[in-house]
Amino acid sequence: MNKQLTFLASVMLMVCLMAATPPGKPGKRLSRPSAAERSPARPNAPKIPFIDRQNMNLAVKPGDDFYQYANGEWLKKNPVPASKTSWGSFGILYEKSLDAMKSLLEEAAKNPGKGRLHQMVGDFYASGMDSITIDQKGFDPIKADLARIDQVKSKADLMNEIAYQRSQGSTMFFSLYVAQDRRNVNKYVVQFVDGGTTLPDRDYYLKNDARSQKVRDAYRDNLTKMFGMIGEESSRAAANADAILTLETALANAQMTRVASRDPIKTYNKLTVADFSEQTPGINWGELMPKLGIPGQDTVLVQSLSFYHSMDSLLTATPVEALKAYMRWNLLKSAAPYLSTPFVNQNFAFNKVLSGQKQLTPLWQRRSRLIDGSLGELLGQLYVQQYFKPEAKERMLVLIDNLEASFKEHINAVDWMSADTKKRALTKLSTFKRKIGYPDKWKNYEGVIIRPDDFYGNVRATQKWWYTDNVSRLGKPVDKTEWGMTPQTVNAYYMPVNNEIAFPAAILQFPFFDAEADDAINYGGIVAVIGHEMTHGFDDQGRQYDADGTLRDWWTKEDAANFTKRADKVKEQFAGFRVLDSLKVNGQLTLGENLADLGGLAIAYDAFKKTKQGRGNAKIDGFTPDQRFFLSWAQVWRTNMLPESQAQQLLTDPHAPDQFRCNGPITNLDAWYEAFNVQPGQTLYKAPDQRIKVW
Ligand SMILES: [Zn+2]
């Protein structure tokens, strides 16, 4: 995910349908044209079925591997393209978004005189596509910052420089942002979280298996080469690389695990600024915070005090020269993708080892993604004008109503929850806020100046804006109109502190949604996605927030225990899945998402059974309504992924691999067994009393 969007995701405490949209490559598309392309303009075009047998592997029994049965031929015909790390329904739709962004950006670049919006996105794009100017500059754009870091002589200088760099958009040693207080959601509060490392997960620093070792070796090599490229002689570059690895390993060791950081209570530590300073004797937060642009605060939230204890000790124990090398590295690594070709190539050489991607993503796609991440709501205004149909919003509202009605029945019907807790659950359900398509109020990035000939300057200007915009909300009323994703994003999210669900314009397309499709397709697709997001409000994390979004326990002890007993079964089910022979799915890390998939699919199925098609038995293209519902669910998840990226996903992503998101939940639904005549002895078969039902 783009850096700014990742930042926003943490600020907004959201849970998403998918981790990230993989980088794109032109030329590929879903096997089915969009409704618009099939419309009256081409009345005689052959109809491509919504469930296409040519994508299935009919030699596999549905009960042995439903994912392969539904997608086997598609998976064979669609290997991961060389400039990508995975390829599936989400990535292909994002490809379409990128194509759309490209044409909008090119158009804007030709017409910068059309107004501020066109000037900003157009000139940003033009500056980013001008590789001749970018190459001529080498690493000149970061020389002034490197010189500033070079001036650091003491610990006091160092703290000032950390604060200055943070105010300009660079994060070093630790992370902070301003977000709603989970226990007082109408107020913003400064939140300090773990950070300071480069590799995607702390395990890469701490584990000694071959895979982690290989990544560390490549990282050391990358550090040495990058330092060499900014003029450091080789022995000094190598010594810096060692110092950085030592420092980052210590920071990684102090960080919470991903599983622990999912706990909203353990990560909620409120203390006064004075107490925080007492916890970290080497850092006076009262002095530092105004320099970070957050003056006048008396309390802060800290994710884990032990991380800040360790960071404080490390700052004291590490020689200033090593700390300066670490700062230079942080500047360099965030700048590298935007500097001249040698820096871009070296950065990619290291990413290759991490992700397995074979070829660099084309320049126009990298730039489109960058602008999506940094000025995405300007680009989004152009995107929705051209690509979003208002009818889709109307249809979505009806589908959400239907899903909500089905969810209500499910809550009323569960036999493990007391009447009081049910009442509160129903209140929460009825107060979900809905965001569809695009924001009512757009961000306008006030104060950002974009120049056609200063690409890196533009990148920094937007990074600075994001930070300043974030911290300047302190003391202001909470803005509940804000979105955590741009309209051109293929994803969806639930945000517990606002109790809201959001569906950007770009996910409202086939295979999730098509206005012309039969209900089975839309209910197995977008309605199950709606169900997924709503169930997040009642998963192991989300259930700890009340209808107002406040982190507050509204469950009786017994009801909570009953819930946990069921959730534990889902955890066990997913912990039993393996990929790449030896790597296991982390059942605890992925629990919230797996609960959301299971609940979402079960509730969407019952909502489907209320439609005319769901009540009937008429086959389409040879499949019954129920079969089509489950096949639609399966085709949403078809994905090929490179092994390196798969290994990384298992460590970092709270979502299970897609084949298990397909096969895991269905085995808990009786209707799936009936629809495909699944019998004992088949691989996926579970006896009726083993099927898990939470909601
Ligand atoms: Zn989710």
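Along the chain, the residues that hold the zinc ion follow the spacing C-x515-H-x3-H-x56-E. Keep in mind as you explore that this is a predicted model. The four protein donors behind that pattern are Cys16, through its O atom, His532 and His536, each through NE2, and Glu593, through OE. They lie 2.0 to 2.5 Å from the zinc ion.

What arrangement do the four donor atoms make around the zinc ion? The arrangement is irregular, because the angles they subtend run from 92 to 137°. To count as tetrahedral, four donors need all angles between 85 and 135 degrees. For comparison, the ideal angle for four tetrahedral donors is 109.5 degrees.

Next, look at the nonpolar interior. In soluble globular proteins, nonpolar side chains tend to be buried together. Here the largest nonpolar core has 197 residues. The residues with the most contacts inside this core are Phe66, Phe173, Phe192, Trp285, Phe512, Phe630 and Trp695. At least three residues come from each of domain 1 (3-43 + 60-105 + 397-447 + 479-690) and domain 2 (172-338). Apart from this core lies another, of 15 residues, and among them are Leu13, Cys16, Tyr177 and Met495.

Leaving aside neighbours within four places in sequence, its contacts include Phe407, Ile411, Trp416, Phe538, Trp555 and Phe563. His410 and Thr535 are also among the residues in contact with Trp695.

Most residues other than glycine have a negative phi, and most peptide bonds are trans. The phi of Phe173, however, is positive, near 70°. Phe173 is found in the loop between helix 8 (155-167) and strand 3 (175-181), and it is buried, with a relative accessible area of 2%. Asn499 also has a positive phi, of about 45°. Its place is the loop between strand 8 (493-495) and strand 9, where Asn499 is buried with a relative accessible area of 0%. Where is the cis peptide bond that involves Pro511? It joins Phe510 and Pro511, with omega about 10°. Pro511 belongs to the loop between strand 9 (500-504) and helix 22.

Strand 6 (residues 299-302) shows two kinds of pairing. With strand 4 (residues 184-193) it runs parallel, joined by two bridges. With strand 5 (residues 269-272) strand 6 runs antiparallel, joined by four bridges. Leu301 in strand 6 is a handy landmark: it is the bridge partner of Gln191, and Lys270 stands opposite it.

Finally, turn to helix 27 (residues 643-652). How many of its ten residues are buried? Seven are, and the helix is mostly covered. Among the buried residues are Ser645, Ala647, Leu650 and Thr652. The buried residues of helix 27 pack against helix 9 (203-206), helix 10 (210-229) and helix 16 (341-355), and also against strand 10 (578-579), strand 11 (583-584) and strand 12 (639-641).

Technical notes
Residues numbered from 1 in each chain as written. Predicted model: local features only at pLDDT ≥ 70, side-chain atom pairs only at ≥ 80, totals over all residues. Heavy atoms only, no water. Core = buried A, V, L, I, M, F, W, Y, C linked by side-chain atoms within 4.5 Å. Buried < 20%, exposed > 50% of the residue type's maximum accessible area, 1.4 Å probe, protein only. Domains from an automatic or database assignment. Contact = heavy atoms within 4.5 Å. Pairing = 2+ DSSP bridges. Donors = N, O, S within 2.8 Å, 3.2 Å for Na, K, Ca; no water. Tetrahedral: all angles 85-135°; square planar, octahedral: opposite > 155°, others 65-115°.
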